[in-house]
Amino acid sequence: MSNDPLLQPYTLKHLTLRNRIIVTSHEPAYPEDGMPKERYRAYTVERARGGVALTMTAGSAAVSKDSPPVFNNLLAYKDEIVPWIREMTDAVHEEGAAIMIQLTHLGRRTRWDKGDWLPVVAPSHHREASHRSFPKKMEDWDIERIIRDFADAAERMKAGGMDGVELEAYGHLIDQFNSPLTNELDGPYGGSLENRMRFCFDVFKAMRERVGDDFILGVRYTADECLLGGTGKADGIEISRRLRDSGLIDYLNVIRGHIDTDAGLTDVIPIQGMANSPHLDFAGEIRAATQFPTFHAAKIPDVATARHAIAAGKVDMVGMTRAHMTDPHIVRKIIEKREEDIRPCVGANYCLDRIYQGGMAFCIHNAATGREQTMPHTIAKADTRKKVVIVGAGPAGLEAARVAAERGHAVVVFEAANNPGGQIRLTAQSERRREMISIIDWRMSQCEKLGVTFHFNNWADADVIAAEEPDVVIIATGGLPHTEVLSKGNELVVSSWDIISGDVKPGSNVLIFDDAGDHAGLQAAEFIAKTGARVEIMTPDRSFAPEVMAMNLVPYMRSLQKLDVTFTVTYRLQSAEKSGNQIIAHVGSDYGGVEKQRTIDQIVINHGTIPLDDLYFEMKPGSKNLGEVSYDQLISGAPQTTERNPAGTYQLFRIGDAVAARNTHAAIYDALRLAKDI
Ligand SMILES: Cc1cc2nc3c(=O)[nH]c(=O)nc-3n(C[C@H](O)[C@H](O)[C@H](O)COP(=O)(O)O)c2cc1C
Ligand code: SF4
């Protein structure tokens, strides 16, 4: 038996958990019609198969109709959910993991124009900034109804074979009752701490009566809101003790912070560039104060920190949630002593930011996550070994190389630069996005293990490639910044990438025209503003940097606002002309009728990339498929068999930004879904 602290079993009441690593509740927004159908099940089971002790599914499953989901959560108030839950719990149990579900009433943290268009309810009329609803202040019958709804939902989950239920309190209805900032009821549910916590205990009592003692009940709550006038640390410790002493609850899942704003949420769930495990010591203090089973997750992305969390007695069970979205097989790899093979979570938060925009959670560099029915986490060997030549060692090229090599092919990669990474290497030059380089480093180390041959500083041309006698050629050459967007004066501008790479010195009074709206524009702005320059970001869109998304925007704003960067939306830079050593920028608007001018000394354009595709077109005539991709075969997961040129000697494909400017996830998905069938 291993003496690794992470691999020790843990007994939670009657439940034996096989090790100390859990996936905490999170809603990846995979439900179909509010039910956990095949996609959901496949995603959940993959993590159980990977060895996690307990997977907590369904972040924030709704118990009531007036808690309509804000990002496609499960509808636990429907009886029809029970058989779907049963299929999932059976499948997870078969893999040896325990499974629980998180239930909630969102209170004011939702919208009235969703679901059944019922009024949003809360213990006060105070609006939550993030979701913008002005709530109805709850009445006695609302309280009774919602307590009943919690009990009904818990009963459904037990009938579905769950090992337990966790209540999502933080930021949701229960903590809206607990916090003095959001509870303006009179007694018996408002006023003193005892009164404010009454709702929480009434809910737990009602659930316990329904589910009995042989069922785990837990709570995920904030033990310090970090808000003036809110639940502070001392109150949090008192709340924790009262939860323990109630005898109704089997564990505490500790959160520190508040989630009513994007900035607050990002401090609770930190993203790349923010400190690792920022609330772990705090969770440890709660455990010490209560001597009660304590769980916690918040940016514990690596095994070493998780091991420390357990070994140092900070927590009983450590959450590695996004880490499992990046690599579902963490525990298996720890057991097999292959920790270095774990695909690292880089904190990009593409997963979480997408669900707040109405999308599904996808991992920036594991395209199989959430697509388990069609995309493999473990690549199968091919029947026939082929020679695969890849041009470009950015994320797309390296993913193609890794997957093709896992298939057992002989893989050769040509890269013009002296090191791998492409745009990611530049991105990672920003201190805050340094973690992105692990996307490249992990692939390089996997490729090296798999025997991939790399030729750096090598401009591959058709002759160089032909000399390799390839069966398959994949062009992953990426793109070059596209700056020709002005009607006049394009020669006066530089690109955001020129700034990020350090190739161009920042000006002192700079206009950034950003209609791509991605990270590069803001990274360039930060880079320039840090030199002391005056910076204005202008976009023709209704909001700036829409592709960066909510939580990723937070660290940028914290920096850019301090540097006094200004933001101008709904204006379009049209042309530029030289005036002495200054530039006059002519500005209009898609809405018409305005003409403005700016006098600056530098214009930076952020407008995506145009494909570097010369080599692809050079290779096309000699290929069997003339570059054609069968989308039907690609989507259905069949090998590419298109033949358009009988004289051709190789199959030719291009992927990533060499096709069109998209993002890292798209580039990696292009590569995985093509290369897994070569
Ligand atoms: C896509 C996604 C959805 C989430 N939804 C919920 C949720 O509904 N309820 C909840 O308590 N936490 C939710 N979380 C937070 C996670 O449970 C976890 O606390 C957070 O990701 C920090 O832990 P980590 O750094 O190990 O990922 C979500 C996280 C992600 C990535
Ligand atoms: S998108 Fe980023 S934060 Fe989310 S799981 Fe993937 S690597 Fe981690």
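## Basis

In this predicted model, local features need pLDDT of at least 70 and side-chain atom pairs count only at pLDDT 80 or more, while totals for chains, interfaces and linings use all residues. Residues are numbered from 1 along each chain as its sequence is written, chains are lettered from A and ligands numbered from 1 in the order in which they are written, and side-chain values use heavy atoms, with hydrogens and water left out.

## Ligand 1

Ligand 1 is surrounded by 22 residues (a residue counts if one of its heavy atoms lies within 4 Å). The closest are Thr24, Ser25, Ser60, Arg220 and Lys299. By class, this shell holds nine nonpolar, eight polar and five charged residues. Here Ala, Val, Leu, Ile, Met, Phe, Trp, Tyr, Cys and Pro count as nonpolar, Asp, Glu, Lys and Arg as charged, and the others, Gly among them, as polar.

Polar contacts are pairs of N or O atoms within 3.5 Å; within protein, one atom must be able to donate a hydrogen and the other to accept it, and residues adjacent in sequence count only if both atoms are side-chain atoms. In the side chain of threonine 24, an N or O atom is 2.7 Å from an oxygen atom of ligand 1. For tyrosine 170, a polar side-chain atom lies 2.9 Å from an oxygen atom of the ligand. Arginine 322 takes part through its backbone, with an N or O atom 2.8 Å from an oxygen atom of ligand 1. On its own, ligand 1 has 610 Å² of accessible area, and the protein covers 97% of this (Shrake-Rupley method, 1.4 Å probe).

Strand S4 (54-62), helix H10 (321-326) and helix H12 (350-356) are the elements that give two or more residues to the shell around ligand 1. Helices (H or I, at least four residues) and strands (E, at least two) are DSSP runs, numbered from the N terminus. H10 provides the largest share of this shell, three residues.

## Ligand 2

Around ligand 2 are Arg322, Met325, Thr326, Cys345, Val346, Gly347, Ala348, Asn349, Tyr350, Cys351, Cys363 and Ile364. The classes in this shell are eight nonpolar, three polar and one charged. H10 and H12 each supply at least two of the shell residues, and the largest share, three residues, comes from H10.

## Cavities

Rolling a probe the size of a water molecule over the atoms shows where empty space is left. On a 1 Å grid over the protein atoms alone, a cavity is a set of points where a 1.4 Å probe fits but cannot get out, and lining residues have an atom within 4 Å of a point. Grid points are joined across faces, edges and corners, and a volume is the space filled by probe spheres set on the points. Four cavities of 30 Å³ or more are found in the whole structure.

The largest cavity, with a volume of about 600 Å³, is the space taken by ligand 1. Its lining has 40 residues, and Ser25, His26, Tyr170, Ile269 and Leu352 lie nearest its centre. S4, helix H7 (262-268), H10 and H12 each give at least two residues to this lining, which divides into 23 nonpolar, 11 polar and six charged residues.

The second largest cavity has a volume of about 100 Å³. Of the 15 residues lining this cavity, Thr326, Cys345, Asn349, Cys351 and Cys363 are the closest to its centre. H10 and H12 are the elements that give two or more residues to the lining, and H10 has the largest share, with three. The lining comprises 10 nonpolar, four polar and one charged residues.

## Second largest pocket

A pocket is an open set of grid points with protein on both sides within 12 Å along at least five of seven lines. The second largest pocket has a volume of about 540 Å³. Its lining has 22 residues, and Ser130, Asp262, Tyr356, Gln357 and Ala550 lie nearest its centre. The elements giving two or more residues are H7, H12 and helix H19 (550-562), and H19 gives the most, three residues.

## Backbone features

Most residues other than glycine have a negative phi, and most peptide bonds are trans. The peptide bond from glycine 187 to proline 188 is cis, with omega near 5°; proline 188 is in the loop between helix H4 (173-178) and helix H5 (193-211). Tryptophan 117 has a positive phi, near 55°, and is placed in the loop between strand S5 (98-104) and strand S6 (121-122).

Key: Sits in = over half its atoms within 2 Å of the grid points.
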